[in-house]
Amino acid sequence: MPKASSQSDNSAAGGNLGPCPICGRDMIAGPSVDRHHWIPRREGGADWSYLHRICHKKLHNLFDERTLATLYNTAEACREHPEIVKFVKWVRKQPPEYMGRHDKPRRAKL
């Protein structure tokens, strides 16, 4: 995954950041967008990309950091997980600014 760290700030009002690597919807700079490290920093990762906040929360809701680092360290791998497939089908019906909420993590075990 290409390093997106040259994009230093996502707070530029109304700036289009392109499609979300998880759901494919357009991302608009602001509070509905987060940075996601594909391999968590605790696991030695540095590469990151912008994701919708709701997509980012869904990943961390489902997977612990070790699982993200070893099995789901690319957008492609994440999109293949059955829970993410179901989530993407739902979230694509929401507007790009939608942030939603998440319940307590139900993380998958290795």
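The model is predicted, so local features need pLDDT of at least 70 and side-chain atom pairs count only at pLDDT 80 or more, while totals for chains, interfaces and linings use all residues. Residues are numbered from 1 along each chain as its sequence is written, and side-chain values use heavy atoms, with hydrogens and water left out.

**Overall fold**

The protein has 4 helices and 4 strands, where helices (H or I, at least four residues) and strands (E, at least two) are DSSP runs numbered from the N terminus. Along the sequence the order is β-β-β-β-α-α-α-α. Of its 110 residues, 41% are buried; buried means under 20% relative accessible area, exposed means over 50%, and partly exposed lies in between, with a 1.4 Å probe and protein chains only. The accessible surface is about 6,400 Å², and carbon and sulfur atoms hold 50% of that surface. Accessible areas come from the Shrake-Rupley method with a 1.4 Å probe, and for residues only the protein chains shown count as cover. Among contacts (heavy atoms within 4.5 Å) with a separation of 6 or more, 58% join residues 24 or more positions apart.

**Nonpolar core**

A nonpolar core is a set of buried Ala, Val, Leu, Ile, Met, Phe, Trp, Tyr and Cys residues joined through side-chain atoms within 4.5 Å. The largest one has 23 residues, of which Cys-20, Ile-22, Cys-55 and Leu-59 touch the most other members. Two or more residues of this core come from each of E4, helix H1 (53-62), helix H3 (75-80) and helix H4 (82-91). Beyond its neighbours within four places in sequence, Leu-59 contacts Ile-22, His-36, Leu-51, Cys-78 and Ile-84.

**Salt bridges**

Side chains of opposite charge can pair when their charged atoms come close. The structure holds 4 salt bridges, each a side-chain nitrogen of Lys or Arg within 4 Å of a carboxyl oxygen of Asp or Glu. The table lists some of them.

| Pair | N to O distance |
|---|---|
| Asp-34 and Arg-53 | 2.9 Å |
| Arg-66 and Glu-43 | 3.3 Å |
| Glu-76 and Arg-79 | 4.0 Å |

The salt bridge between Asp-34 and Arg-53 links distant parts of the chain, with Asp-34 in strand E3 and Arg-53 in helix H1, 19 residues apart. Asp-34 is buried at 15% relative accessible area, whereas Arg-53 is partly exposed at 25%.

Arg-66 and Glu-43 form another salt bridge. This pair also links distant parts of the chain: Arg-66 lies in helix H2 (residues 65-70) and Glu-43 in the loop between E3 and E4, 23 residues apart. Both ends are partly exposed, Arg-66 at 48% relative accessibility and Glu-43 at 30%.

Glu-76 and Arg-79 are both in helix H3; because they are 3 residues apart there, about one helical turn separates them. Glu-76 is partly exposed at 41% relative accessibility, and Arg-79 is partly exposed at 34%.
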